[in-house]
Amino acid sequence: LQTGRNVYANPQVARVLGYPPEKLLALGGGVVAWLVHPDDLPAVRDRLGELARSPDGHVVETEFRAKAADGTYRWLRCRAVVFSRQPDGLAHLALGIGRDVTDRKLALQSLAASEARYRAVFDQAAVGIAVWRPAGEFLSVNPGFLALVGYSPEELVDLTPDALAHADDRPAVRAAADRVLAGAAASATVDVRLVRKGGDPV
């Protein structure tokens, strides 16, 4: 730990990153700077410092991108613990186990990007959009919906979609919702008059 040198790497390194273990061993104390993505290097060094100061049995975890032999980067999740100390008590060797989490990481990034796109469409849509639980509790409404009904988000907490529908249209709304909830239809369309704050229909 004091020198940052890798003293052992198992054959799985070749499967994940494409290097023979001897390649990493030959890099000596420069292995971390050479292997870790520049953007992740400060955090990795912080974790190594934490590991060097940690008591016996303390596990340090980190995720970072490691450079593969083909020039791409793979996301690794590593857990490490000190298992050997010098006579003066300083951490000497640590055992680290790394797992390739690239697929999970990319899936999460893709999901985050998709949610960001959805949120942008949701917030900027010219039409009113509302999301609610089957029991009738509003989960999210966009600015277009607030403008349509004239209520604030705080006021909608005490209201339900059913309460905002014109009394004559509520049976059709309930029937459409029941079909979707029962699995009889993936979606449903119904024309409905909403009642704005103050009682005016729209």
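Helices and strands here are DSSP runs, numbered from the N terminus. The model is predicted.

**Stop 1: the largest pocket**

Start with strand β3, residues 91-100. β3 gives nine residues to the lining of the largest pocket, the largest share. Now select Asn6, Tyr8, Ala94, Gly96 and Ile97, which lie nearest the pocket's centre. Colour the lining by class. You get 25 nonpolar, eleven polar and six charged residues.

**Stop 2: a nonpolar patch**

The three form a nonpolar patch on the surface, with about 340 Å² of accessible area together. Leu95 is found in strand β3. How does leucine 95 count by relative accessibility: buried, partly exposed or exposed? Its value is 47%, so leucine 95 counts as partly exposed.

**Stop 3: pairs between β1 and β2**

Turn to charges. The whole structure holds 14 salt bridges. Select arginine 79 and glutamate 61, whose closest N and O atoms are 2.3 Å apart. Arginine 79 sits in β2 and glutamate 61 in β1, so this pair ties together parts 18 residues apart in sequence. Both are partly exposed, arginine 79 at 43% and glutamate 61 at 32%.

Next, pick arginine 77 and glutamate 63. Their salt bridge has its closest N and O atoms 3.0 Å apart. This pair also runs from β2 to β1, linking residues 14 apart. Arginine 77 is partly exposed at 27%.

**Stop 4: lysine 197 and glutamate 155**

Move to lysine 197. Lysine 197 forms a salt bridge with glutamate 155, with closest N and O atoms 2.6 Å apart. Lysine 197 is in the segment after α9, while glutamate 155 is in helix α7 (residues 153-156), 42 residues apart. Lysine 197 is partly exposed at 42%, as is glutamate 155 at 30%.

Now go back and select Glu61, Glu63, Arg77, Arg79, Arg104 and Lys105 together. Salt bridges with shared partners join these residues into one network.

**Stop 5: the second largest pocket**

Finish at the second largest pocket, with about 770 Å³ of space. Select Trp132, Pro161, Val173, Ala177 and Val190, the closest to its centre among 30 lining residues. The elements giving two or more residues are β4 (130-132), α6 (143-149), α8 (161-164) and α9 (170-181). Helix α9 gives the largest share, seven residues. By class, the lining divides into 21 nonpolar, five polar and four charged residues.

Terms used. Residues are numbered from 1 along each chain as its sequence is written. This is a predicted model: local features need pLDDT of at least 70, side-chain atom pairs count only at pLDDT 80 or more; totals for chains, interfaces and linings use all residues. Side-chain values use heavy atoms; hydrogens and water are left out. On a 1 Å grid over the protein atoms alone, a cavity is a set of points where a 1.4 Å probe fits but cannot get out, and a pocket is an open set with protein on both sides within 12 Å along at least five of seven lines; lining residues have an atom within 4 Å of a point. Helices (H or I, at least four residues) and strands (E, at least two) are DSSP runs, numbered from the N terminus. Ala, Val, Leu, Ile, Met, Phe, Trp, Tyr, Cys and Pro count as nonpolar, Asp, Glu, Lys and Arg as charged, and the others, Gly among them, as polar. Grid points are joined across faces, edges and corners, and a volume is the space filled by probe spheres set on the points. Patches are made of residues with over 30% relative accessible area and no salt bridge: like charges are joined within 9 Å, nonpolar side chains (Val, Leu, Ile, Met, Phe, Trp, Tyr) within 5 Å. Accessible areas come from the Shrake-Rupley method with a 1.4 Å probe; for residues, only the protein chains shown count as cover. A salt bridge is a side-chain nitrogen of Lys or Arg within 4 Å of a carboxyl oxygen of Asp or Glu. Buried means under 20% relative accessible area, exposed over 50%, partly exposed in between (1.4 Å probe, protein chains only).
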